[in-house]
Amino acid sequence: MNKPHVLVVGAGFAGLSAAVRIVELGGTVTLVEATRHGGGRARSFDDRSFGRPIDNGQHLMMGCYHHTRAFLRSLGTESSVDFQRDLTVPMLRPGGTASVLRCPSLPAPWHLGLGLLGMRGVGFRHKVAALRAGLLLSNEVRRPDDTETCDAWLRRMGQTPAIRAQFWEPLILATLNEDPLVASAAMLLAVLERGFLGTRDDSALGVPKRPLSELYVPQALARLESEGCEIVLGDPMRSIRVSGGKVTGIETRSGRTFDADRVVVAVPPHVLLDCLPDPWRRHPEFADVARLSYAPIVNLWAKVDRSPLEGRPFVGLVGSPIHWIFDRTTIEGEASDEVVLSCTISAAYGLVGDSSDALRDLLAAELRRFFPKTPVRIHAFKAVKEKRATISHAAGTYGLRPPVESPITGLLLAGDWVRTGIPATIESACQAGHEAATLALRPPASAWHEGRRRTLGVVS
Ligand SMILES: Cc1cc2nc3c(=O)[nH]c(=O)nc-3n(C[C@H](O)[C@H](O)[C@H](O)COP(=O)(O)OP(=O)(O)OC[C@H]3O[C@@H](n4cnc5c(N)ncnc54)[C@H](O)[C@@H]3O)c2cc1C
């Protein structure tokens with residue numbers, strides 16, 4: 001019997017997790033990717049001044065990344081992510097005072113409650129405010145309001161400035177990549193539900209111990225090759241071909257055409273819109289996609305003469321434009337005289353336009369401010385700016401994200417930005433990829449899909 005064939009476009013986490021799941025489920029894939037390397041927004045590249053691969057941005061995972069973990073497990077690389085046994089988050093204030101959120105080995109959510117109570121340097125009244133929000137959480141997650149901002153929700157929950165600065169704001173910036181004044185409370189509640197209301201392991205952080213691409217790209221491509229799949233790198237999709245409301249394939253920039261009646265498009269939203277035939281771009285579902293905007297992340301890489309983190313893999317900075325510093329040399333277990341730091345600035349609207357020199361000066365100043373007792377010298381520096389790091393999770397935008405199943409029969413959308421119920425993260429990408437794979441192998445043009453097309457009003 002012929003295997004069902006699916007065309008997958010895009011080789012980031014979403015496209016590769018979809019493609020690998022399709023072959024696992026008995027299908028076969030043609031994969032088309034714009035770049036020669038793949039990896040999308042979670043990739044590494046060689047940098048001459050560092051003499052090693054560096055990532056486009058430091059990535060963290062959580063224990064509750066079940067789809068991501070299943071994908072990495074299928075590639076044999078899950079052990080390349082160092083998952084904490086219990087959630088531990090060291091936060092530093094200017095001057096270097098540390099305040100560690102260390103959750104004990106208790107069932108969720110008690111582990112978090114006791115962890116918050118045990119945080120040093122945070123007054124009792126502030127901890128009680130956080131616990132109160134924790135007690136109301138199971139009720140709150142039942143009726144998330146996407147039009148409420150995180151700021152409004154934190155006020156409604158009676159959160160004090162101190163607990164906001166130490167706990168809530170770093171969490172919001174790290175998981176939603178958006179300013180708490182703008183970000184959707186519903187998206188925060190989705191993170192809290194998956195991370196803190198499940199098992200204790202769900203909330204633990206996972207730090208990749210290898211450069212990002214090495215975690216999944218070559219392994220996924222090798223898996224597809226071993227199954228006889230066609231892999232086309234370095235040839236971007238230029239247009240999606242649609243006839244009679246059904247997808248019929250794609251055309252690439254080099255002029256090649258690929259025929260297929262099942263296509264998983266796992267590219268960022270603006271690329272999807274550019275490739276759709278004109279009348280479809282005006283379909284209400286795709287017109288909504290055009291209203292999504294992006295939020296930037298700036299990652300600062302520095303090679304320094306010694307680590308200011310004193311053996312810690314990472315620390316969060318309270319009250320700094322630089323949110324997290326990771327010691328990649330310690331994390332990767334390298335023996336080296338020099339130390340490589342990776343520093344994250346989320347929702348970096350105000351800094352993404354700055355010059356490399358200005359960002360280097362900013363890092364040097366913040367290192368002096370937070371580590372006055374451990375002066376470090378910067379030997380090499382690189383700022384990686386991702387202007388379209390994720391979609392913006394501004395309040396009121398969740399409904400603009402489309403479901404995996406598009407109004408065009410046979411065309412499935414994957415990517416961290418589709419309607420997965422969680423923020424645009426690696427987990428959202430892999431969840432969407434897995435869902436697209438399952439739907440792609442379903443018998444084509446199900447009655448349900450035809451019905452959905454009629455309801456939405458189809459253009460041809
Ligand atoms: C700096 C930074 C830090 C981040 N930190 C975290 C974090 O800590 N934790 C977390 O969970 N997430 C984080 N994210 C988000 C995470 O990287 C994304 O959610 C995830 O990588 C998205 O995967 P994707 O496959 O949906 O999209 P992408 O990675 O964007 O993949 C899309 C692929 O499609 C390809 N493509 C584009 N156009 C075409 C075309 N015309 N034809 C064919 N192919 C095309 C691209 O080259 C790319 O390979 C971060 C993102 C950035 C940028």
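How many cavities of 30 Å³ or more does a search of the whole structure find? In this predicted model, the search of the whole structure returns 1 cavity of 30 Å³ or more. Rolling a probe the size of a water molecule over the atoms shows where empty space is left. The space in the largest cavity amounts to about 40 Å³, and its lining is made up of Asp146, Ser184, Met187, His393, Ala394, Thr397, Tyr398 and Arg401. By residue class, this lining divides into 3 nonpolar, 3 polar and 2 charged residues. Because domain 1 (5-43 + 212-292 + 395-456) and domain 2 (98-202) both contribute residues to the lining of the largest cavity, the cavity lies between these domains.

The ligand is surrounded by 34 residues, of which the closest are Glu33, His59, Leu60, Tyr65 and Asp416. One of these closest residues, Glu33, has a polar side-chain atom that lies 2.7 Å from an oxygen atom of the ligand. Backbone atoms also take part in such pairs: a polar backbone atom of Ala14 is 2.9 Å from an oxygen atom of the ligand, and a polar backbone atom of Ile426 is likewise 2.9 Å from an oxygen atom of the ligand. Taken alone, the ligand exposes 1000 Å², and 92% of that area is buried by the protein. Two or more residues of the shell around the ligand are given by each of helix 1 (13-24), strand 2 (28-33), strand 19 (378-391) and helix 14 (426-440). In composition, the shell around the ligand comprises 20 nonpolar, 10 polar and 4 charged residues. The ligand lies between domain 1 (5-43 + 212-292 + 395-456) and domain 3 (294-391), because both domains give residues to the shell around it.

A further region of interest is the second largest pocket, which holds about 350 Å³ of space. This pocket is lined by 18 residues, and those closest to its centre are Pro109, Gly113, Leu131, Gly134 and Leu135. The elements that supply two or more residues to the lining of the second largest pocket are helix 3 (110-117), helix 4 (124-140), helix 6 (161-176) and helix 7 (185-196), and the largest share, 7 residues, comes from helix 4. The lining of the second largest pocket divides into 15 nonpolar and 3 polar residues, with no charged residue.

Most residues other than glycine have a negative phi, and most peptide bonds are trans. Pro109, one of the residues closest to the centre of the second largest pocket, is found in the loop between strand 8 (98-102) and helix 3, and the peptide bond that joins Ala108 to Pro109 is cis, with omega near 0°. Asn177, which is placed in the loop between helix 6 and helix 7, has a phi near 50°, a positive value in a residue other than glycine. Helix 6 and helix 7, between which the loop with Asn177 runs, are both among the elements that give two or more residues to the lining of the second largest pocket.

How values were computed:
Residues numbered from 1 in each chain as written. Predicted model: local features only at pLDDT ≥ 70, side-chain atom pairs only at ≥ 80, totals over all residues. Heavy atoms only, no water. Near = heavy atom within 4 Å. Polar contact = N/O pair within 3.5 Å; in protein donor to acceptor, adjacent residues only side chain to side chain. Areas by Shrake-Rupley, 256 points an atom, 1.4 Å probe, with all protein chains shown as cover. Helix = DSSP H or I, 4+ residues; strand = E, 2+ residues; numbered from the N terminus. Nonpolar A, V, L, I, M, F, W, Y, C, P; charged D, E, K, R; others polar. Domains from an automatic or database assignment. 1 Å grid on protein atoms, 1.4 Å probe; cavity = no way out; pocket = protein on both sides within 12 Å on 5 of 7 lines; lining within 4 Å. Points joined across faces, edges and corners; volume = space filled by probe spheres on them.
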